[in-house]
Amino acid sequence: MAMVFVKPLRTGALMSVILLSGCAGLGTMTGPKPTQEAPEKTVVETAPVVVPEVQGEAPSHQYLPRQAYDVAGNKIDYESEPNPYIQASVPVAPEAVARFQAASKLMAEEQNRMARKAFEAITRDYPELSGPWVKLGELAEIGERLERAEKSYRTAIEVNTENVNAYLSLALLQRRNGDFEASRDTYVSALKLWKDFPEAHLNLAILYDLYMNQPVNAQPHFEAYEFLVKGDHPQVADWLIEIRRRTGIETSFIDIPPNKQEPAAEGNDGEPVAADAAPNEEPVEEKG
């Protein structure tokens, strides 16, 4: 099963947020825009799915999204949690935005030395911005300076602890370095900040499956990604089908309808009897 680790797509439309958060491409990761308050709906709780103890239930499973139902058994539209650092974003100086755009252009043109100097200058002049640190980490990775890359990603997280993109970049680097448990823990940290982070669910699923040989732990996160992007990724849908074949688990970890009570049947005398009542016969073992 060929898989590609996912980083958010780059875009220039949200440059102010990019500078604060540490990475571009927020268009593929943001939660829904705030809406006006609506009347509360009565939600029917569903029993949690317990992962078979073949590999033990992973701590990451507590951050799975869950489909809710109303009392009539109808699905309630799922509202993803918003991206935390977009919610907390503040205005950025126009000069900082312009300089970041210029440095990003140098990087896109593979003028990496000049881009690095430009991003370093931004970190000195605007120490409250974490975006340049993520870019410095990416440049370090391009140059195979992996220790410097890790330091840059960690600095980005220190500058902005809600920078989920910096966690994603750090986790991918840790996976590349062969430190799979650290990579897993970093993805979990990102999900702790934002449990509806699609790319974190997807990359964690791939890590569990391909690198840690834990398909049972991977399956819920493949399903979470598929749920959060509303099925808008046919390749991941195929991966989910394939992993279900291997685990043998067809029950959804996300969409668990509430148990519906069967209506009681009536006996000959009008008294209700259990729906599964049967004539008084000795059980016959089925042969063959």
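Figure 1. The model is predicted: local features need pLDDT of at least 70 and side-chain atom pairs count only at pLDDT 80 or more, whereas totals for chains, interfaces and linings use all residues. Residues are numbered from 1 along each chain as its sequence is written, and side-chain values use heavy atoms, with hydrogens and water left out. Helices (DSSP runs of H or I, at least four residues) are numbered from the N terminus. The axes of α3 and α4 are 8 Å apart, and the packing angle is about 160°; axes are lines fitted to C-alpha atoms over the stretch in contact, with angles running from 0 to 180 degrees between N-to-C directions. The crossing of α3 and α4 is left-handed (the near helix is turned anticlockwise from the far one by less than a right angle).

**Figure 2. Residues of α3 meet residues of α4.** In contact (heavy atoms within 4.5 Å) are Arg 99, Phe 100, Ala 103, Ser 104, Leu 106 and Met 107 of α3 with Asn 112, Met 114, Ala 115, Ala 118, Phe 119, Ala 121, Ile 122 and Asp 125 of α4. The contact of α3 with α4 comprises 10 nonpolar, two polar and two charged residues (Ala, Val, Leu, Ile, Met, Phe, Trp, Tyr, Cys and Pro count as nonpolar, Asp, Glu, Lys and Arg as charged, and the others, Gly among them, as polar).

**Figure 3. A salt bridge joins Asp 125 and Arg 99.** The structure holds 14 salt bridges, each a side-chain nitrogen of Lys or Arg within 4 Å of a carboxyl oxygen of Asp or Glu. In the pair of Asp 125 and Arg 99, the closest N and O atoms are 2.9 Å apart. Asp 125 lies in α4 (residues 112-125) and Arg 99 in α3 (residues 94-108), so that the pair links distant parts of the chain, 26 residues apart.

**Figure 4. Helices α9 and α10 cross at roughly 155°.** The axes of α9 (residues 198-211) and α10 (residues 215-228) come within 8 Å. This makes α9 roughly antiparallel to α10, and the crossing is left-handed. Among the contact residues are Pro 198 and Leu 202 of α9 and Phe 222 and Tyr 225 of α10. By class, this contact has 12 nonpolar, three polar and two charged residues.

**Figure 5. Helices α7 and α9 cross at roughly 10°.** The axes of α7 (residues 164-176) and α9 come within 11 Å, and α7 is roughly parallel to α9. Leu 168, Leu 172 and Arg 175 of α7 touch Glu 199, Ala 200, Asn 203, Leu 207 and Tyr 211 of α9.

Note on methods
Helices (H or I, at least four residues) and strands (E, at least two) are DSSP runs, numbered from the N terminus. Angles under 35 degrees count as roughly parallel, over 145 as roughly antiparallel, 65 to 115 as roughly perpendicular and the rest as oblique.
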